[in-house]
Amino acid sequence: MSTRQTADDAVHENAAQDVVAVEADDTAIETVNRLEAHTGDGIRHRAFTALVFDHDDNVLLARRAPGKRLWGSYWDGTVASHPAEGQSQEEATRERLAEELGITDDQYHDLRVTDRFEYKRYFENAGVEHEVCAVLQLTLSEVDLEPDREEVAGLLWVPYDRLRNSPEDYRQLRLCPWFEIAMRRDL
């Protein structure tokens, strides 16, 4: 066990997963333990956030389940995670949409990467995110959703332009840092 891990971290589900460590330009270096990547000073790694829109330009926000190790109960873009080694951002997004919300390929169209940025943020005393984050966007045509309550504590459709241009209207929502960054950039 690393000196950066506690006994509780050693049994955390993230300890059994890997992420792809990357250079600042998103060039893969190696796979590293997901928990190690999110503790101490962190290890820069590949991640994504996907923003699901409806045909009226509302974005679907998902409230992270309270049991999440980092940013539990915060509001996020629709799904966010890390692609596995050899997995494209689009493949990873499709997988998370299905796992977290029960969204299948036939419910959306126009899945594409629209942006990429690097950021680093610490969360309380629990860990850190140091990621090169791809932003993906898609349009949902079928809104029948079946959220996994282990992952998602709530869903909220919000007018995207209003959220982006008047975030003070939504200050009661604690937003995940990667979503706040993605939202303020051009899609």
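A disulfide here is a pair of cysteine sulfur atoms within 2.5 Å. By that rule, the structure holds zero disulfides. Cys-133 is in no disulfide, and the nearest cysteine sulfur, that of Cys-176, sits 11 Å away. Cys-176 likewise is in no disulfide, its nearest cysteine sulfur being that of Cys-133, at 11 Å. Are these cysteines buried or exposed? Burial is judged by relative accessible area: buried means under 20%, exposed over 50%, and partly exposed in between (1.4 Å probe, protein chains only). Cys-133 is buried, with a value of 0%, and Cys-176 counts as buried at 0% too.

A quick word on where this comes from: the model is predicted, local features need pLDDT of at least 70, side-chain atom pairs count only at pLDDT 80 or more, and totals for chains, interfaces and linings use all residues. Residues are numbered from 1 along each chain as its sequence is written, and side-chain values use heavy atoms, with hydrogens and water left out.

Next come the charged pairs. A salt bridge is a side-chain nitrogen of Lys or Arg within 4 Å of a carboxyl oxygen of Asp or Glu, and the count comes to eleven. One of them joins Arg-96 and Glu-99, at 2.4 Å from N to O. Both residues lie in helix 3, three residues apart, about one turn of the helix (helices are DSSP runs of H or I with at least four residues, strands are runs of E with at least two, and both are numbered from the N terminus). Arg-96 is buried at 13% relative accessibility, whereas Glu-99 is partly exposed at 40%.

Another salt bridge links Arg-112 to Asp-110, with the closest N and O atoms 2.8 Å apart. Arg-112 is partly exposed at 31%, and Asp-110 is partly exposed at 42%. Arg-162 and Asp-169 also pair up, at 3.1 Å from N to O. Salt bridges that share partners tie Lys-68, Arg-96, Glu-99, Glu-100 and Glu-151 into one network.

Finally, there is a negative surface patch, formed by Asp-105, Asp-106, Glu-142, Asp-144 and Glu-146. Patches are made of residues with over 30% relative accessible area (Shrake-Rupley method, 1.4 Å probe, only the protein chains shown counting as cover) and no salt bridge; like charges are joined within 9 Å, and nonpolar side chains (Val, Leu, Ile, Met, Phe, Trp, Tyr) within 5 Å. Asp and Glu count as negative, Lys and Arg as positive, and His and the chain ends are not counted. The place of a charge is NZ of Lys, CZ of Arg, CG of Asp or CD of Glu. Asp-105 sits in the loop between helix 3 (89-101) and strand 7 (108-123), and this residue is partly exposed at 47%.
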